[in-house]
Amino acid sequence: MTALQQEKAEEIRDSFSFFDDWEDRYRLLIEMGRELPPMNESDKTEENRIQGCQSQVWLAPKYDGDCLVFAADSDSAIVKGLVAILWQIYSGQPKSAIAAFDIESFLKQLDLEEHLSMNRRNGLYSMIQKIKFLAERCG
């Protein structure tokens with residue numbers, strides 16, 4: 001895990017811990033999604049669509065040496081917030097840091113597992129698998 005990943009993870013944890021109510025946390029997720037950098041419409045292709053998500057989710061990879069940089073988007077506000085979390089943790093990171101980051105533990109700390117539908121959970125893990133797969137192609 002890189003120092004930047006650690007810093008981003010702490011920021012996200014702090015933001016989530018600020019709210020006790022899950023309605024407020026959902027609003028936080030939606031706001032995080034709104035802050036995600038826009039994705040080019042031309043990158044919203046079938047090739048970049050994440051399979052296994054009920055919502056439409058796209059992830060367009062670019063490689064910078066051994067780092068995976070990606071743009072991402074979703075047509076669902078809450079899912080876009082989940083995408084934003086993954087983007088903050090993973091985009092711009094070297095493949096070794098992507099592989100080393102314990103995302104499952106991090107998501108448990110946010111208590112997301114308990115508050116996402118089965119379909120959203122499955123979609124989230126499909127996104128994570130795709131990111132890890134793409135990271136292996138770096139360098």
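Helix α7 lies across strands β1 and β2, running at about 20° to β1. (Axes are lines fitted to C-alpha atoms, for helices over the stretch in contact, and angles run from 0 to 180 degrees between N-to-C directions.) This is a predicted model: local features need pLDDT of at least 70, side-chain atom pairs count only at pLDDT 80 or more, and totals for chains, interfaces and linings use all residues. Residues are numbered from 1 along each chain as its sequence is written, and side-chain values use heavy atoms, with hydrogens and water left out. Helices (H or I, at least four residues) and strands (E, at least two) are DSSP runs, numbered from the N terminus.

**The sheet**

- Three strands make an open sheet in the order β1-β2-β3, with antiparallel pairing. (Two strands pair if DSSP finds at least two bridges between them.)
- The edges are β1 and β3 (93-94), and each pairs on one side only.
- Strands β1 and β2 are antiparallel and share 8 bridges.
- One of these links is between tryptophan 58 and its bridge partner in β2, aspartate 73.
- The hairpin of β1 and β2 has 2 residues between the strands, and glycine 65 there takes a positive phi near 65°.
- Strands β2 and β3 also run antiparallel, joined by 2 bridges.
- Cysteine 67 has proline 94 of β3 as its bridge partner.
- In β2, 6 of the 8 residues are buried, so the strand is largely enclosed by the rest of the structure. (Buried means under 20% relative accessible area, exposed over 50%, partly exposed in between, with a 1.4 Å probe and protein chains only.)

**Helix α7**

- Helix α7 covers residues 118-136, which is 19 residues.
- At 1.5 Å a residue it should span 27 Å, and its end C-alpha atoms are 27 Å apart, so the two values agree. (The expected span of a helix is 1.5 Å times one less than its number of residues.)
- Its buried residues are Arg121, Gly123, Leu124, Ser126, Met127, Ile128, Ile131, Leu134 and Ala135.
- These buried residues pack against β1 (57-64), β2 (67-74), α3 (77-90), α4 (95-100), α5 (103-109) and α6 (112-115). (Contact means heavy atoms within 4.5 Å.)
- An α-helix has 3.6 residues a turn, so residues three or four places apart point the same way.

**Helix α3**

- Helix α3 lies across β1, β2 and β3, and runs at about 170° to β2.
- Its 14 residues should span 20 Å at 1.5 Å a residue, and its end C-alpha atoms are 20 Å apart, which agrees.
- Of those 14 residues, 10 are buried, so α3 is largely enclosed by the rest of the structure.
- The buried set is Ile78, Val79, Gly81, Leu82, Val83, Ala84, Ile85, Leu86, Ile89 and Tyr90.
- Glycine 92 follows α3 and has a positive phi, near 85°.

**Helix α1 and its partners**

- Helix α1 (residues 3-17) and α3 have axes that come within 8 Å and cross at roughly 150°.
- The two helices are therefore roughly antiparallel to each other. (Angles under 35 degrees count as roughly parallel, over 145 as roughly antiparallel, 65 to 115 as roughly perpendicular and the rest as oblique.)
- On the α1 side, Gln5, Lys8, Ala9, Ile12 and Phe16 meet Ile85, Gln88, Ile89 and Tyr90 of α3.
- The axes of α1 and helix α2 (residues 22-34) come within 9 Å and cross at roughly 140°.
- Helices α1 and α2 are therefore oblique to each other.
- Ile12, Ser15, Phe16 and Ser17 of α1 make this contact with Trp22, Arg25, Leu28, Leu29 and Met32 of α2.

**Aromatic rings**

- The structure has 5 aromatic pairs. (Rings of Phe, Tyr and Trp, with its six-membered ring, pair if their centres lie within 6.5 Å; planes under 30 degrees apart count as stacked, over 60 as edge-to-face and the rest as tilted.)
- Phenylalanine 16 and tryptophan 22 have ring centres 6.3 Å apart and planes at 55°, so their pair is tilted.
- Phenylalanine 16 is buried, with a relative accessible area of 2%.
- Tryptophan 22 also counts as buried, at 11% relative accessibility.
- Phenylalanine 18 and phenylalanine 19 form an edge-to-face pair, with 5.2 Å centre to centre and 90° between the planes.
- Phenylalanine 18 counts as exposed at 65% relative accessibility, while phenylalanine 19 counts as partly exposed at 24%.
- Phe16, Trp22 and Tyr26 form one aromatic cluster.
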